[in-house]
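Take a look at the charged side chains in this protein.

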Amino acid sequence: MKMQSVNQNPFVMLRKNDGFTIIEMLFSLMILMTTSIFILQLFSIIHTQLESKDKLHPKEWEIFTMQMQQEVRGAKSQDVIDNKLYLLSGDQLSFIEQYEDKLRRRVNGKGHEVILQNISKFQVEKDGNVIVLNITDNAGNTVIRRFHPFFKSESKDDE
């Protein structure tokens, strides 16, 4: 009896034990999807870093306004001298001023707490009892914010 030979065509693959299974394919697809998500997140972070280099970040602005509202409302006295905002709270005199491209807060003439950055111009005015901040960022965008204190400042005319 003659044995039939198996077709030795290189394009035909008969059952082999070392084949690529569906589980392996799903596992490699999962790895590909996971790495692509991380790469997309990385590009998103880089894009926002480059985009907001000269602008005020919205969350930073929101935190700044909440801090200023709290400080102005809690201060017994508010005064503006030489484009600096002086706030007297208890026995502490804090002031807000522009330092290079930052807005900083100092307490009793000491410290350097950066409260806002990427600032090109800072103007503070007192309109009656209302404190008006006019801030321009490095991109040229201007924002104006008014703060109303709880306590009225003691003026020298009352004495």
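## E71 and R105

E71 is partly exposed, with a relative accessible area of 21%. Partly exposed means between the limits for buried (under 20% relative accessible area) and exposed (over 50%), using a 1.4 Å probe and protein chains only. R105 counts as buried, at 19% relative accessibility.

The side chains of these residues, E71 and R105, form a salt bridge, at 2.6 Å from N to O. The term stands for a side-chain nitrogen of Lys or Arg within 4 Å of a carboxyl oxygen of Asp or Glu. The pair joins distant parts of the chain: E71 sits in helix α2 (residues 58–74) and R105 in strand β4 (residues 102–107), 34 residues apart. Helices (H or I, at least four residues) and strands (E, at least two) are DSSP runs, numbered from the N terminus. E113 joins E71 and R105 in a network of salt bridges.

## About the model

This is a predicted model, in which local features need pLDDT of at least 70 and side-chain atom pairs count only at pLDDT 80 or more, while totals for chains, interfaces and linings use all residues. Residues are numbered from 1 along each chain as its sequence is written, and side-chain values use heavy atoms, with hydrogens and water left out.

## Salt bridges at E97

Side chains of opposite charge can pair when their charged atoms come close. The whole structure holds 5 salt bridges. One of them links K84 and E97, at 3.2 Å from N to O. K84 lies in strand β2 (residues 84–89) and E97 in strand β3 (residues 92–99), so this pair ties together parts 13 residues apart in sequence.

K84 is partly exposed, at 25% relative accessibility. E97 is buried, with a relative accessible area of 7%. E97 also meets R104 in a salt bridge, at 2.7 Å from N to O. R104 is buried, and so is E97.

## D137, without a salt bridge

D137 belongs to strand β7 (residues 130–137). D137 is buried yet has no salt bridge. The nearest side chain of opposite charge is K55, 7.2 Å away. For charge, Lys and Arg count as positive and Asp and Glu as negative; His and the chain ends are not counted.

What does the side chain of D137 reach at 3.3 Å? The backbone nitrogen of L56. Leaving aside neighbours within four places in sequence, D137 is in contact (heavy atoms within 4.5 Å) with D54, K55, L56, N118, I119 and S120.

Notes
Polar contact = N/O pair within 3.5 Å; in protein donor to acceptor, adjacent residues only side chain to side chain.
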